[in-house]
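Let's take a walk through this structure together, one piece at a time. Have a look at it below and then read on.

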Amino acid sequence: MVIHGYRIPMMASLILWAILWEIVGQLEVTILLPPLSRVAVRIVEIVPTPTFLSALWITGYAFVVGNLIAILVGVPLGILMGRSVIADRIFLPWVNLFLSAPLTALVPVIMVLFGLGQTTIILTVVLFAIWIIVLDSRAGVRAISPSLVEMAMSFGASRWQAFSHIYVWAALPEILAGVRLGLIRAVKGVIIGQLLVSIVGFGALFKLYGSRFLMEHFWAALLVLFAFAFVLAEALAWLERRVDYYAASRA
Amino acid sequence: MVERPSHLSAEPAGGLRLSRFSSFGTFGTRAALIDRPTHPVAAFFNHPLTLRILSALVLFLAWEWAGRLPISPAFPTFGETMVGLWSMIADFSLIRAFGITLQPLAIGLVISTLIGVAIGVAMGLNDKAEWLASPIFIIAQAAPLAALIPLIVFAYGIGLTAKTLVVCIMAMPVIVLNSFAAVRHTPLSLVEMGRSFLASRRQVILRIILPAASPVIFAGLRLGCAAGFIGAILAELLITPTGIGDLITYHRSIAEYPKMYAAILSIIVFSVLFIEVIERVEVTVFRPEKRARR
Amino acid sequence: MTSRPNAALAAAPRAHAEPVVEVRGVSKTYPGDVWALDNISVDFPRGQLTSLLGPSGCGKTTLLKIIAGLLPATSGDVLVNGRPVSGPGPERAFVFQDFALMPWATVMRNVAFGLELRGVASAERERVARHYIDQVGLGGFEEKYPHELSGGMRQRVGLARALSVKADVLLMDEPFSAVDEQTRRKFQEDLLLLIGREKKTFIFVTHSIEEAVYVSDRIVLLSPRPGRISQVIEPDISREGDPDAIRRHPVYLDTVDAIWRGLKQYLD
């Protein structure tokens, strides 16, 4: 946005919203919204506590493991679907289905089958993240220009050489995009999983603060979580941009 | 001389990437693009609907077989699930449950669509609106908004209002951001064309920008719908079990797993069909040329 | 019969109609200090086809869009029919390089779009649009969508749309650059026929020397960075008779050669 010729960065409007929050909080309009300053104090207070750190650890663990599984299973599956018409025909309708289906409805099933612990949450993360990873990996493989393929063959590259030197890089922007979107979905997945299971991690924390109406603590934990999710999304977008410099000219 | 239409198979509904799928000759798919008269039986087997039905059949058979394995008592076979489903339809409990679940869902989605598209389009057309609103929605899209559900319960109790609000906060960010991106990515030459033929700003918005933006807006609506469904179910599982959530929790608590699975299956199928309907509406009302492309 | 390249800047048209478009001292600088045009003054005589020709970066499309009113000039004036203009107007119609067709509308609706924006009644719109659709050779394709048409056909839709609003001046921005060579040649011949029929003024941007000499009554040569008028040429070629014969006409060949030698120096 430009005012009187001065560029104002996008994030500056957050400052405006923060000020608004502070005012609303100070005016005590609702018990739900304590002033931002007090929430900020609470953030500093609770982050080093063992309760919070263990919640963070549990959440982080499930998140990382779940995503690794989603990537290790999803990327090869997507590549397979991109290269084999048969695999594509078998799996594509299901991948598309699960991409937009309310996966939350499946969490009770997972809970029933795998109990109320980390396994369920890890599986929830996988469930949320994997479909977009598969789909974008497939898209990456299919976007490899036939000219690149022909070029590789005309210079006598073996299949492995062609794969590692050319195809991986050619498909990488889409694969990274899929991983990024998968990671964002995974954040939602880990939280939803924990909310439904509710005895571990942030789910338990929110339940604790909520039941005791500790609004400031609640918002503090929430803001840390949101900040983490946002920073993750931006870091991945940055990584993707570094790779993307050649994405547009691949054709 | 007409160019051969590009072979667009299913576009990913998630994310805004719409890659063009080019032919991949060395892997054997080029043959599929050459027009050859196909044998009727082959045509039947290649028809997308046949394939879907076939792969669904395969899945159901696999489910049936897996259910008979002694993995867990909580894993019914496909057959048992179908029986449970039928009995819930027959005693109307399923219909009633849908009726209750769909209320916050429908209201929430309508509100999210109207307000969300309006905000997104406004952001696309106006720099100040964009500056003000976009950081909020960008954070909202990356953030696990489900964490706000306990908060909403404190504020609004456990009734229809709370559940509608949950649907709204889940659905709106993606609708807003898609509408915003759609408006921003209107091809510049189309807008210039409108101006060159003396279109007023209003005419440019209504006759060029909005129709050009409608595919991505509708993609956003489909995503918003999916998120809204998640919100509705979460609301029922977390706040107070009513409707489908109640069916799920109740049958789980009495270990009636076939009916629990049947309820879950029904809501998933319903949401998929609902999203499909949205796509049909888009094609019929707004972008008839897509029908020709199918 | 020889062509007389004019060293003078401003148009001193020989035996010409009065100018319909006059450009007076137009300069254009883009934000970021990109100096696109430097003090351009040129006239476009009524009823003739004038080309703007030059290598990339010489500002010919910028000048065309300023004349069309789609871009504001940093300084200077554009007068159309004697009156200064600062925006688009009903007396000027634009044909876009990338066709600018609405993909969600049929050929009929695209062609009638200019009239639709003016509030012309639908029966009348259709009548006019149908006439020009036939004129450009797309009769029978009224209900097709742009994605069902080839590049050449899409450009004809753009042309029909510009003709339908019955403007005095037709501004064409490299209209044939997005089609293949054979179609392009055909278009050039069709354009000559069209000029003969329609009696409008055409301002035509191209980077192809052959094309400019083939279709133009007048060629304005621009030099790049910043754009300035380097020459105004009026090839004296008779356009009656066989369209293919023009390409072998000695004046045609000499003019193409002279322009090429002049422009070569601007290539990177």
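In this predicted model, the C-alpha centres of domain 1 of chain B and domain 2 of chain B sit 31 Å apart. To find them, look at residues 40–71 of chain B for domain 1 and at residues 88–293 of chain B for domain 2.

Now zoom in on a pair of helices in chain B. Helix H10 of chain B covers residues 201–238, and helix H11 of chain B covers residues 243–253. They pack with their axes 8 Å apart, at an angle of about 50°. As for handedness, H10(B) goes past H11(B) in a right-handed crossing. Which residues meet here? From H10(B) come Ile233(B), Glu236(B) and Leu237(B), and they meet Gly243(B), Ile244(B), Gly245(B), Asp246(B) and Thr249(B) of H11(B).

Next, step back to where the two chains touch. Chain A puts 56 residues into the contact and chain B puts in 58. On the side of chain A that touches chain B, several helices of chain A give two or more residues, among them H1 (12–26), H4 (85–100), H6 (118–142) and H10 (215–244). Which element gives the largest share of that side? That would be H8(A), with 10 residues. And what is the side of chain A that touches chain B made of? Its residues split into 43 nonpolar, 6 polar and 7 charged.

Methods
Residues numbered from 1 in each chain as written. Chains lettered and ligands numbered in written order. Predicted model: local features only at pLDDT ≥ 70, side-chain atom pairs only at ≥ 80, totals over all residues. Domains from an automatic or database assignment. Contact = placed C-beta atoms within 7 Å. Helix = DSSP H or I, 4+ residues; strand = E, 2+ residues; numbered from the N terminus. Nonpolar A, V, L, I, M, F, W, Y, C, P; charged D, E, K, R; others polar. Axes fitted to C-alpha atoms, helices over the stretch in contact; angles between N-to-C directions. Left-handed = near helix turned anticlockwise from the far one by under 90°.
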